[in-house]
Amino acid sequence: MSMIRKTAALAGLAGLALVLGACAKGPEKTPAELEVLRAVGAQITKRRSAAPPPVQLTRALLDKQSQAYIEVTIENRDAKAYLTRALTRRDSSPGTVEVWRTQDNVSLALRSGMVIATRGLGGGLLSAQVPAADGAAGPARGGARRYTVRAKGNGQAILSMACSLQDLGPEPVEIVEVTHPARRLQERCEGSGGVVVNDYWVDSRPGRNQVWQSRQWAGPETGYVRIRQLRL
């Protein structure tokens, strides 16, 4: 699911392997020396087949990108991906809808920063009714919430919940070397989906309607996802 290209180099290993192979054929080598050479060759083969180390995410690297990015982590799978914004639209409900997608077409839809659908995650969230307001990021109020999730086969299940909203006050958030002034909003929802707690770190500056970071429930199977806005 990774979006940002990872790079790794094992320079000179192929040439070194050839040299070691040539040395192993020499009649002057003792059995002990040959065993050492075989052990070194095995280590090189192991290093070749190992996965490259993850790229170090820095602000300099993000500034070189031409697209907006979010980072999404699925907690119960310890899986992380970087998604680009595929489209932005308005519909008959308040708030702006953004669809974010990976290269292998896994997608996440947000309304004013709140998760309303997932695709490609298995047992996904088909839709969610969220309390959005025009010109404001994050939840606008508490109240009823309804999730439609995929059930067995091609079936659907509707989970109805009642939510309360609390403003926990100022809580700046640091995202890859940049600190954003923010307020933390917390939703607590209870109902047929059990007990769900969603947290949103919303920009506290006037006119800046941006959810910089959140931890949200995305259905019974996917569980919680952590989202960070890396680059607008």
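Guide: Start with two cysteines, Cys-163 and Cys-189, which are both buried. Buried means under 20% relative accessible area, exposed means over 50%, and partly exposed is in between, with a 1.4 Å probe and protein chains only. A note on the source: this is a predicted model, where local features need pLDDT of at least 70, side-chain atom pairs count only at pLDDT 80 or more, and totals for chains, interfaces and linings use all residues. Residues are numbered from 1 along each chain as its sequence is written, and side-chain values use heavy atoms, with hydrogens and water left out.

Cys-163 and Cys-189 form a disulfide. Their sulfur atoms are 2.1 Å apart. The cut-off for a disulfide is a pair of cysteine sulfur atoms within 2.5 Å. By this rule the count is one disulfide. Such a link is a covalent bond between the sulfur atoms of two cysteines. The link of Cys-163 and Cys-189 is right-handed, with 110 degrees about the S-S bond. Cys-163 lies in strand E8 (residues 156-170) and Cys-189 in strand E11 (residues 182-191), so the pair ties together parts that are 26 residues apart in sequence. Helices (H or I, at least four residues) and strands (E, at least two) are DSSP runs, numbered from the N terminus.

Now look at those two strands. E8 and E11 pair in the antiparallel sense, over eight bridges. Two strands pair if DSSP finds at least two bridges between them. Strands of a sheet pair through backbone hydrogen bonds, either parallel or antiparallel. Ser-164 stands opposite Arg-188 in E11.

Move on from E11 to E12. Ten bridges join E11 to E12, and the two run antiparallel. E11 and E12 form a hairpin with two residues between them. Gly-191 has Gly-194, in E12, as its bridge partner.

The next step is E13. Strand E12 (residues 194-203) and strand E13 (residues 211-217) run antiparallel, joined by four bridges. Here Asp-199 stands opposite Arg-215 in E13.

Step back to the sheet. Twelve strands form an open sheet, in the order E5-E4-E3-E2-E1-E14-E13-E12-E11-E8-E7-E6, with antiparallel pairing. Strand E5 (114-119) and strand E6 (125-129) stand at the edges, each with a single partner strand, so one side of each is left without a neighbour in the sheet. From one strand to the next, the twist averages 25 degrees. For such angles, axes are lines fitted to C-alpha atoms, for helices over the stretch in contact, and angles run from 0 to 180 degrees between N-to-C directions.

The structure holds one aromatic pair. Tyr-147 and Trp-217 form this pair, edge-to-face, 5.1 Å centre to centre and with 90 degrees between the planes. Rings of Phe, Tyr and Trp (its six-membered ring) pair if their centres lie within 6.5 Å; planes under 30 degrees apart count as stacked, over 60 as edge-to-face and the rest as tilted. Tyr-147 lies in strand E7 (residues 143-150) and Trp-217 in strand E13, so the pair ties together parts that are 70 residues apart in sequence. Tyr-147 counts as buried at 1% relative accessibility. Trp-217 counts as buried at 8%.

Now for Ala-218. Ala-218 is found in the loop between E13 and strand E14 (224-231). At 0% relative accessibility, Ala-218 counts as buried. Leaving aside its neighbours within four places in sequence, Ala-218 is in contact with Val-115, Thr-118, Leu-125, Gly-223 and Val-225. Contact means heavy atoms within 4.5 Å. Ala-218 and Leu-108 are 110 residues apart in sequence and 9.7 Å apart in space, C-alpha to C-alpha.

Two other loops have a residue to check. Asn-105 sits in the loop between strand E3 (97-101) and strand E4 (107-111). Its phi is near 70 degrees, a positive value in a residue other than glycine. Asn-105 counts as exposed, at 51% relative accessibility. Val-176 is in the loop between strand E9 (173-175) and strand E10 (178-180). Val-176 has a positive phi of about 45 degrees, although it is not a glycine. At 9% relative accessibility, Val-176 counts as buried.

Last, the whole protein. There are three helices and 14 strands. Buried residues make up 39% of the 232 residues.
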